[in-house]
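Thanks for asking me to look through this one with you. Have the structure open beside you as you read, and take the points one at a time.

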Amino acid sequence: MCDELTEKDNAAYERLGGTVNRRDFSKLGTAGILSLMLPSPALGRDHHEVAESDVDVPMANGVSDSYFVRPSGGRHPGVLMWPDIRGLRPAFRAMGKRLAMEGYSVLVVNPFYRDAKAPVVAPGESFRDPDVRSRLIPMARKLTQDAAMSDARDYIRFLDAQASTDTSRKVGTMGYCMGGPLIMRTAAAVPERVGAAASFHGGGLVTDRPDSPHLLIPQSPAHVLHAVAENDDERNPTAKTVLAESYRAAGIPAEIEVYAGTLHGWCPPDSQVYNEAQAERAWSRTLALFEGALA
């Protein structure tokens, strides 16, 4: 979860000399982060040239300033990307651009559009800072289940209206940290469109509340990937079992894995606990999921 306890776990691990592979991305823009994210073998592959735009997405509750990136030509499956609690920023622009280079029309959203334009954090700001948490957590709490599902419908409606989106193919969604529940709510909100959903160190996927995301599983046929941080699993080891049993009961294909040696937040390249090797493995599993499920 994006909570104070998990942040304390991460800080303690680092103090004890943990092996997390970190880089300082705080001063890099999208292009710089992208150049470091692409492993050297990938640079030799045939990638799409892309077009990118800052877009204003009409929403039921206002306008979401978001980032839309897609191959320069042709029509491609749409993907809705939900950032973590630090919101839309250069690292997520780079991740969206990298996915577009693989042949997807990608919308990376500002989940906090109700309160502020992106970016909502300054370079170098940390979620460990109480002032940052006090700013972000109230915004995140506005993404109730009803609000998130309404937003998901609006974002996918926007994606489907773009010339670069192949509406004959299913839409994918991916989410990080607080974006984990949002991919499940997206899949349930637009079950006829969403074919694949992937979460990375997602928090609050299984709770004892009536709006727990795992209760939505029977409402969507989307194939799913859940990449779980090791310290999140240590704190809540039964969540993965409940998820697996829920997907199995619904007959939904799901890949649920605890990524060894990872801390909550290990996937975004500007994270203080970025683990490059495991982030690349999770990225490759996402590409495999999308290739197979977005038919």
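## Notes on the predicted model

1. **The chain as a whole.** Buried residues account for 56% of the 295 residues in the chain. Please keep in mind that this is a predicted model. The chain has ten helices and eight strands. If you take the contacts between residues at least 6 apart in sequence, 76% of them join residues at least 24 apart.

2. **Strand 4 and its two partners.** With strand 2 (residues 62-71), strand 4 pairs in the antiparallel sense over three bridges. Here Y67 has V108 of strand 4 as its bridge partner. With strand 3, strand 4 runs parallel, and four bridges join the two. In this pairing L80 stands opposite L107 of strand 4.

3. Is strand 3 mostly covered or mostly open? Strand 3 is mostly covered, with five of its five residues buried.

4. **Helix 4 against helix 10.** Two packed helices are described by the angle between their axes and the distance between the axes. For helix 4 (residues 90-101) and helix 10 (residues 276-293), the angle is about 45° and the axes are 12 Å apart. Because of that angle, helix 4 is oblique to helix 10. The crossing of helix 4 past helix 10 is right-handed. On the helix 4 side the contact is made by M95, R98 and L99, and on the helix 10 side by E280, W283, L287 and F290. Sorted by class, this contact of helix 4 with helix 10 has five nonpolar, no polar and two charged residues.

5. **Helix 6 against helix 7.** Now try a second pair. The axes of helix 6 (residues 145-160) and helix 7 (residues 179-189) cross at roughly 65° and come within 8 Å. Helix 6 and helix 7 are therefore roughly perpendicular to each other. Their crossing is right-handed. From helix 6, Q145, A148, M149, A152, R153 and I156 take part, meeting L182, R185, T186, A188 and A189 in helix 7. The residues of this contact of helix 6 with helix 7 divide into seven nonpolar, two polar and two charged.

6. **A threonine to click on.** Where is T286? T286 sits in helix 10. Its relative accessibility is 1%, so T286 counts as buried. Leaving aside residues up to four places away in sequence, T286 touches M174, A198, F200 and L225.

7. **Two loop residues.** P191 lies in the loop between helix 7 and strand 6 (194-200). With a relative accessible area of 25%, P191 is partly exposed. P191 touches Q219, S220 and P221, again not counting residues up to four places away in sequence. P191 and P221 are 30 residues apart along the chain, and their C-alpha atoms are separated by 6.8 Å. The other loop residue, N236, is found between helix 8 (230-235) and helix 9. N236 counts as partly exposed because its relative accessibility is 33%. From N236 to V206 the C-alpha to C-alpha distance is 9.4 Å, and the two are 30 residues apart in sequence.

Notes
Residues are numbered from 1 along each chain as its sequence is written. This is a predicted model: local features need pLDDT of at least 70, side-chain atom pairs count only at pLDDT 80 or more; totals for chains, interfaces and linings use all residues. Side-chain values use heavy atoms; hydrogens and water are left out. Axes are lines fitted to C-alpha atoms, for helices over the stretch in contact, and angles run from 0 to 180 degrees between N-to-C directions. Angles under 35 degrees count as roughly parallel, over 145 as roughly antiparallel, 65 to 115 as roughly perpendicular and the rest as oblique. A crossing is left-handed if the near helix is turned anticlockwise from the far one by less than a right angle, and right-handed if clockwise. Contact means heavy atoms within 4.5 Å. Ala, Val, Leu, Ile, Met, Phe, Trp, Tyr, Cys and Pro count as nonpolar, Asp, Glu, Lys and Arg as charged, and the others, Gly among them, as polar. Two strands pair if DSSP finds at least two bridges between them. Buried means under 20% relative accessible area, exposed over 50%, partly exposed in between (1.4 Å probe, protein chains only).
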